[in-house]
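I opened the model to look up a few side chains and their surroundings. The entries follow in the order I made them.

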Amino acid sequence: MPGSNPVSAILIIIITIFLPPVGVFMIAGCGADLLINILLTCLGYFPGHIHAFYLEYVYFERRDQGRLGQINQKHAPGIFSPNVQSGGVTRYGTVAT
């Protein structure tokens with residue numbers, strides 16, 4: 001899972017340029033998003049890139065919002081990984097997801 005270092009974000013983007021499913025696996029883990037990305041990459045290299053960069057954008061945007069204390073309750077469309085939906089931020093307490 002990517003850390004808070006900006007170098008990790010750049011590394012994930014570079015990996016995604018060459019192998020989109022590997023970049024998706026690094027942020028979303030093994031699940032529906034990874035399967036969708038593998039299928040899109042097999043159907044065409046460009047659709048796999050679009051999906052991977054969309055997931056990464058949502059992940060890093062939500063991670064930055066979580067660090068600022070902003071909780072986004074709306075689910076991003078087309079994303080099934082709870083890790084990407086939350087930006088990797090673990091929420092404890094009575095906050096509903």
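**Entry 1: Glu 56**

I started with Glu 56, which is buried (under 20% relative accessible area, with over 50% called exposed and anything in between partly exposed, 1.4 Å probe, protein chains only) yet has no salt bridge; the nearest side chain of opposite charge, Arg 63, is 11 Å away. I took a salt bridge as a side-chain nitrogen of Lys or Arg within 4 Å of a carboxyl oxygen of Asp or Glu. For charge, Lys and Arg count as positive and Asp and Glu as negative, while His and the chain ends are not counted.

This is a predicted model, in which local features need pLDDT of at least 70 and side-chain atom pairs count only at pLDDT 80 or more, while totals for chains, interfaces and linings use all residues. Residues are numbered from 1 along each chain as its sequence is written, and side-chain values use heavy atoms, with hydrogens and water left out.

I placed Glu 56 in helix H4, residues 45-67. Helices here are DSSP runs (H or I, at least four residues), as are strands (E, at least two), numbered from the N terminus. What does the side chain of Glu 56 join in a polar contact? I found the side chain of Thr 16, at 2.3 Å. A polar contact is a pair of N or O atoms within 3.5 Å; within protein, one must be able to donate a hydrogen and the other to accept it, and residues adjacent in sequence count only if both atoms are side-chain atoms.

I then listed what Glu 56 touches, not counting residues up to four places away in sequence: Ile 12, Ile 13, Thr 16, Gly 23 and Ile 27. Contact means heavy atoms within 4.5 Å.

**Entry 2: the salt bridge**

How many salt bridges does the structure hold? I counted one. The side chains of Arg 63 and Asp 64 form it, at 4.0 Å from N to O. Arg 63 is buried, because its relative accessible area is 9%. Asp 64 counts as partly exposed, at 37%.

I stayed in helix H4, where His 49 lies. His 49 counts as buried because its relative accessibility is 12%. A polar atom of the His 49 side chain lies 2.9 Å from the backbone oxygen of Tyr 45. Residues up to four places away aside, I noted that His 49 touches Thr 16, Ile 17 and Pro 20.

Val 58 is also found in helix H4. Is Val 58 buried or exposed? I have it as buried, at 8% relative accessibility. Leaving out neighbours within four places in sequence, Val 58 is in contact with Ala 76, Ile 79 and Val 84. I also looked up Val 58 and Gly 87, which are 29 residues apart in sequence and 7.3 Å apart in space, C-alpha to C-alpha.

**Entry 3: Leu 11 and the cysteines**

Leu 11 is in helix H1, residues 6-18, and is partly exposed at 46%. From Leu 11 to Gly 23 I read 9.2 Å, C-alpha to C-alpha, across 12 residues of sequence.

I checked for disulfides (a pair of cysteine sulfur atoms within 2.5 Å) and the count was zero. Cys 30 is exposed at 71% relative accessibility, and Cys 42 is exposed at 64%.

**Entry 4: whole chain**

I ended with the totals. The protein has five helices and zero strands. Of its 97 residues, 37% are buried.
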